[in-house]
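Reader: I am new to reading protein structures. Could you show me the model and walk me through a few of its features?
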Amino acid sequence: MQPQAQPIGGTLLNRPYKIILALATLGIALIVWRFAAGLGATTALSDGYPWGLWIAFDVVTGTALACGGYAMAILVYVFNKGRYHPLVRPAVLTSALGYSIAGLSVVIDVGRPWYIWRVPLYFWHWNLNSALLEVALCIMSYVFVLWIELSPAFLERWSAAGEGWLARTARKISPWIDKSLVWILALGVLLPTMHQSSLGSLIVLTGPKLNLLWNTAFLPLLFLISCLAMGYAAVVLESALSNTAFGRPMETRLLAKLEQVAAWGMLAFVLLRLADLAWRGQLALALRADHYAVLFWLENLLMLSPFWAAFGRRENPGRLFRGAMFLVLGGALFRFDTYLVAFNPGPGWHYFPSVQEIFVTLGLIALEIAIYIALVRRFPILGALPTRPPVEVDHQEERKWLNAS
Amino acid sequence: MDTDRRSLLKGLAASAALTVIPTEAEARERRTAPKNAVGLLYDTTRCIGCKACVVACKEANGLPPDTTGYGDGLYDAPQALNASTKNIIQLYEEGNEHSYVKKQCMHCIDPGCVGACMLGALQKREYGIVTWDPDLCIGCRYCQMACPFNVPKFEWSKLNPKIVKCELCNHRLAEGKEPACSEVCPRKAVIFGEYHELLAEAHRRLAEHPDLYVPKVYGEHDLGGTQVLYLSHVPFEKLGFRFGTDQPVPETQQTVTHAVYKGFAAPLALYAVLGAVMFRNRKREGSEDAEPPEDNN
């Protein structure tokens with residue numbers, strides 16, 4: 001039997017949490033400044049580089065890091081691997097937070113956000129050729145879907161909370177959610193499949209401005225594979241981190257499996273990428289001595305580096321963690337490069353994010369972590385501790401590694 | 001795993017593949033200029049760099065001066081296209097070779113910005129002129145990403161920023177006048193007219209003075225063709241025209257997108273199959289959960 005998810009409790013306002021809150025507050029203050037002073041005064045963006053850190057990292061990379069919910073939904077609900085079920089809720093929570101933050105970043109980044117509501121509502125104006133329209137509509141819907149997917153965690157707790165109006169409403173809604181959940185979960189797989197691949201086709205429209213090492217008609221597929229592999233790897237990272245932070249045993253065996261899936265995915269990614277490059281006759285670009293080629297190989301090597309570790313005979317938590325980190329870094333670098341480094345608007349244009357941009361991004365990440373911690377402490381999200389620790393975990397080694405890092 | 005479920009999963013794989021793989025779709029058709037298209041023809045051999053067109057453009061479009069470039073804030077001296085400059089004359093100089101070049105929106109026949117714009121704020125409207133509708137723009141700047149000529153500019157310093165770009169003085173055309181830049185040009189270095197006539201005129205000049213020009217009308221085919229055409233006595237790359245490809249900017253992306261989303265069939269099929277698979281799985285719930293974890297290795 002699966003142990004049920006439980007709130008982990010504990011004190012919220014400890015010292016690390018206060019530091020996180022301070023970072024988040026700084027980020028929010030800078031966001032207020034951005035709306036008071038305008039984009040020109042607070043960012044390093046220009047007419048040559050109209051998209052910077054907030055789009056390339058918060059949206060394009062951030063949503064891929066938040067694909068844990070998508071990746072786990074495929075594993076558990078499509079391929080019916082019930083034993084991974086305890087990993088679903090925390091993954092969906094991270095996804096819901098990551099996607100919400102990405103949405104918020106878009107609101108901060110666009111110049112005329114008070115018109116955003118027109119994008120979903122002015123359907124007779126929709127430009128169906130626009131990949132960005134598809135991404136925008138899909139991400140908007142997916143944020144809702146994710147929070148509905150997560151809602152049982154809230155409803156469970158509220159239903160159990162006596163006879164107040166919240167408890168009564170929760171009990172009334174729960175069966176409805178339960179009944180429609182299959183179709184919501186199906187949307188939760190469909191929507192990311194659509195917009196994560198569209199994030200690839202979106203940047204293809206920049207056409208000749210995009211370096212040919214990255215610019216290919218296969219970008220949609222590459223983006224889809226990378227987000228799935230990053231999703232599984234991110235679940236490994238998050239589990240390892242939250243279990244470390246909250247002093248819980250790692251689900252090492254399950255995580256090792258996930259990392260294998262991610263490693264195979266990234267292998268497929270790199271092979272497809274190289275085959276496509278050869279087929280387009282652009283392999284020579286990868287052999288040049290310029291920063292494009294260096295980044296290209298760095299991405300590929302990071303993605304492949306965990307391969308040996310993922311199939312190691314012992315499920316060593318340290319190796320597992322490092323492997324997942326490399327996978328995530330490789331995928332993140334690929335997406336970040338595609339949107340920023342590979343994009344060349346021509347001579348005379350430069351971009352390096354401003355201090356404000358960087359601290360807004362850091363602040364939003366901090367905000368995400370702060371909400372995550374608050375929610376897992378109060379709501380049943382993380383799987384309950386198993387009654388006896390799994391035999392295959394080598395706690396001594398785990399502890400050794402934890403102390404070392 | 002029974003056969004039913006296997007076929008469901010197969011269907012799933014197929015529809016997922018349809019959703020993301022660029023199939024051998026019919027290539028997107030190349031477009032031609034609209035019938036009543038108008039445009040400009042600019043000839044570097046005639047331009048003397050007087051910038052009368054820059055001033056006239058600012059006046060006609062009510063654009064503020066740009067005093068940042070030169071003369072301690074005394075002169076309206078823009079260095080390049082920007083949020084207060086829809087038209088500019090620039091100088092290219094290398095050794096003995098020099099040339100002026102006029103920059104403004106090229107009014108592409110198949111524009112990247114139009115393909116990008118979510119609600120169609122940027123569209124080819126009357127006469128094939130690419131214009132911007134403030135009511136449909138959220139300021140996402142995808143048009144800037146997509147423009148191979150870096151033409152659309154964004155009012156970075158404003159709290160209610162607009163996209164600024166040449167709209168070929170369509171407000172003047174409505175009054176029966178021609179664009180300000182071509183009207184004031186003392187040397188007729190830039191002329192306004194019907195697109196096909198301008199193209200014929202360009203070829204006439206090329207045929208008449210082959211010694212004077214690089215043998216090419218820039219914009220006839222480049223990036224799918226533009227309604228603003230150029231003749232030059234120096235290679236076009238030197239004038240800042242980076243791209244010599246004939247492929248329209250939106251072609252690859254739209255070929256892929258249309259292949260995947262044609263009639264929205266693939267996503268709907270994927271949704272149906274996903275729903276069916278999950279529904280079945282839910283019914284069988286519990287049976288697999290009970291499996292001992294040892295089976296997984």
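Author: Happy to! Let us begin with burial in one helix: the buried residues of α1(A) are A:Ala24, A:Gly27, A:Leu30 and A:Ile31. A residue is buried if 20 or more other C-beta atoms, placed from the backbone, lie within 10 Å of its own. Helices are DSSP runs of H or I with at least four residues, strands are runs of E with at least two, and both are numbered from the N terminus. This is a predicted model, in which local features need pLDDT of at least 70 and side-chain atom pairs count only at pLDDT 80 or more, while totals for chains, interfaces and linings use all residues. Residues are numbered from 1 along each chain as its sequence is written, and chains are lettered from A and ligands numbered from 1 in the order in which they are written.

Reader: What do the buried residues of α1(A) pack against?
Author: They pack against α5 (88-109) and α14 (355-378) of chain A. Packing here rests on contacts, where the C-beta atoms of two residues, placed from the backbone, lie within 7 Å.

Reader: How can I compare the length of α1(A) with what its 23 residues should span?
Author: The expected span is 1.5 Å times one less than the number of residues. For α1(A), residues 15-37, that gives 33 Å, and the end C-alpha atoms are 33 Å apart, which agrees. Just after this helix, A:Gly38 takes a positive phi of about 95°.

Reader: How do I describe two helices that pack together, such as α8(A) and α9(A)?
Author: Start with the axes, lines fitted to C-alpha atoms over the stretch in contact; angles run from 0 to 180 degrees between N-to-C directions. Under 35 degrees is roughly parallel, over 145 roughly antiparallel, 65 to 115 roughly perpendicular, and the rest oblique. Helices α8 (residues 165-204) and α9 (residues 219-245) of chain A pack at about 135°, with axes 7 Å apart, and are therefore oblique to each other. Residues of α8(A), including A:Thr193 and A:Val204, meet residues of α9(A), among them A:Leu219 and A:Cys227.

Reader: Which residues of α3(A) meet α14(A)?
Author: A:Leu53, A:Trp54, A:Phe57 and A:Asp58 do, and their partners in α14(A) are A:Glu357, A:Ile358, A:Thr361 and A:Leu364. The axes of α3(A), residues 53-65, and α14(A) come within 10 Å and cross at roughly 15°. That makes these two helices roughly parallel.

Reader: Now for strands: how many bridges join β2 and β3 of chain B?
Author: Strands count as paired if DSSP finds at least two bridges between them. Seven bridges join β2(B), residues 88-94, to β3(B), residues 97-103, and the two run antiparallel. B:Glu94 has B:Glu97 as its bridge partner. Two residues lie between the strands of this hairpin, where B:Gly95 takes a positive phi near 60°.

Reader: In what order do the strands of the three-stranded sheet stand?
Author: The order is β8-β1-β9 in chain B, an open sheet with mixed pairing. β8 (190-194) and β9 (228-231) stand at the edges with a single partner strand each, so one side of each lacks a neighbour in the sheet. β1(B), residues 38-43, pairs with β9(B) in the parallel sense over four bridges, and B:Leu40 stands opposite B:Val228.

Reader: How many residues of chain B are in contact with chain A?
Author: 58 residues of chain B are in contact with 54 residues of chain A. The largest share of that side of chain B, ten residues, comes from α9(B).

Note on methods:
A residue is buried if 20 or more other C-beta atoms lie within 10 Å of its own, exposed if 12 or fewer, and partly exposed in between; C-beta atoms are placed from the backbone.
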